[in-house]
Amino acid sequence: MDVSRYTDTTELKFEIEFITPTFLGGADGNGEIRTAPFKNLIRRWWRIVNGKLSPDELWKKEAELFGSTEKNPDIVEANKHRKSSEKQPEIFGKSKIEIKILERKCSIVNNKIDIGSFETEYGSMPISTYLGYGAIGKKYIETKSVIELQLLCPLEYKNELINTIFLIHLFGTIGSRSHNGWGSLYITPRNFNFMPDIVFNSFSNWENIVGSKKNYPYLVGKDEKGVLCWKTGNCRSWSEALSEIGSVYHELVNEIKKNCYDLNCRKLLGFATGKERMPSHFLIKVVKTKVKIGDNVAIRYYGQILHIPYIVNMANWSSKQQMDASSFIHQYLDKKLYGWQRNPTGGTSK
């Protein structure tokens with residue numbers, strides 16, 4: 001796409017490292033890297049950057065930036081009062097952003113993934129299978145693979161797209177089973193700087209988020225303890241971190257089955273039936289970090305779980321039940337893991 005027709009276009013360059021195996025590709029299961037999934041990822045987190053807009057305002061702004069075949073209601077209304085020769089195109093049209101892959105240093109492999117196992121009533125279960133059912137066994141982008149992306153966009157959207165990329169750096173994953181930690185990403189800006197204070201200040205009280213009745217993910221939540229994000233202690237490898245957070249997730253599911261069945265807590269972790277499908281409100285990611293050990297700096301990894309709260313419009317599942325279910329999970333995670341900007345109560349540092 002030629003964006004030269006847009007005045008005041010800006011360029012954002014950034015490097016993406018794949019921290020965990022990433023299942024990207026076509027229907028045949030062969031791993032491949034295309035720009036479309038990254039554009040979809042940016043679009044999804046851009047909605048959260050702009051989450052305080054009304055649903056109608058958000059839809060219109062998203063259509064203007066990312067493109068849509070829908071009609072722009074403002075233009076439709078204005079055209080009513082224009083002569084035929086003066087009418088403007090009513091369709092939002094093409095996207096105003098373009099993404100290019102400038103460089104790639106990637107390996108596509110089909111190696112066995114072994115990150116340990118846990119015991120169930122039916123026997124031993126590999127953690128990789130538990131977290132990656134349906135994806136494990138297919139080709140994937142190997143860890144430590146790197147790509148450099150170029151994002152072209154109108155200058156007026158620059159800051160909110162920088163904030164979007166920062167949210168992806170903090171919480172974003174990509175590809176199949178990415179809600180369970182596969183496709184964890186680490187982003188390094190090349191020609192811009194992140195603005196963390198602006199992003200952190202946009203996080204909102206989770207009870208207010210749920211109380212707003214917006215039935216889609218639109219803000220990162222927090223409570224009196226901090227952001228609704230929990231982490232393990234530092235680990236020496238991504239596999240150790242994913243194993244640890246995966247084990248906690250499995251224990252959480254068992255705890256829900258035992259003590260939170262009536263509140264339908266399990267639905268917050270995602271479900272699919274013949275009539276309905278809802279992704280998990282809780283996102284697992286493996287994060288790469290740098291720690292100082294004596295006079296040296298070492299690379300470490302930790303697993304984290306983020307809650308993106310929002311109301312689900314569903315018969316026989318009230319707002320109060322959904323909030324009580326969320327509180328149950330929050331309290332459990334506070335006991336099992338460190339807080340990410342919260343009061344640390346669990347976990348082990350390594």
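**Salt bridges**

I counted salt bridges and got 10 of them. This is a predicted model, so I keep in mind that side-chain atom pairs count only at pLDDT 80 or more.

I looked up K288 with E17 and found their side chains in a salt bridge, 2.7 Å from N to O. K288 belongs to strand β17 (residues 282–293) and E17 to strand β1 (residues 9–18), so I have a link between distant parts of the chain, 271 residues apart. Are these two residues buried or exposed? K288 is buried at 16% relative accessible area, and E17 is buried as well at 11%.

Next I checked K225, which makes a salt bridge with D334, closest N and O atoms 3.0 Å apart. K225 is in the loop between β12 and β13 while D334 is in helix α9 (residues 319–336), so this pair ties together parts 109 residues apart in sequence. I get 32% relative accessible area for K225, which makes this lysine partly exposed; D334, at 10%, counts as buried.

K105 and E103 form another salt bridge, with 3.6 Å between the closest N and O atoms. Here K105 is exposed at 58% and E103 partly exposed at 38%.

I also noted a salt-bridge network that links R43, R47 and E62.

**Cysteines**

How many disulfides are there? I count one. C260 and C265 form a disulfide, with 2.1 Å between their sulfur atoms, and both residues are buried. I looked at C153 and C235 too: C153 is buried at 1% relative accessibility, and C235 is buried at 0%.

I find β12 (residues 221–223) antiparallel to β13 over two bridges, and D223 has G226 as its bridge partner in β13.

On β11 I picked S204, which counts as buried at 16% relative accessibility. Leaving out residues up to four places away in sequence, S204 touches K52, I209, L219, V220, G221 and K222.

Last, I checked β6 (residues 117–120) and β7 (residues 123–126), which pair antiparallel over four bridges. A hairpin of two residues joins β6 to β7, and F118 is opposite M125 in β7.

Definitions and conventions
Residues numbered from 1 in each chain as written. Predicted model: local features only at pLDDT ≥ 70, side-chain atom pairs only at ≥ 80, totals over all residues. Heavy atoms only, no water. Pairing = 2+ DSSP bridges. Buried < 20%, exposed > 50% of the residue type's maximum accessible area, 1.4 Å probe, protein only. Contact = heavy atoms within 4.5 Å. Disulfide = S-S within 2.5 Å. Salt bridge = Lys/Arg side-chain N within 4 Å of Asp/Glu carboxyl O.
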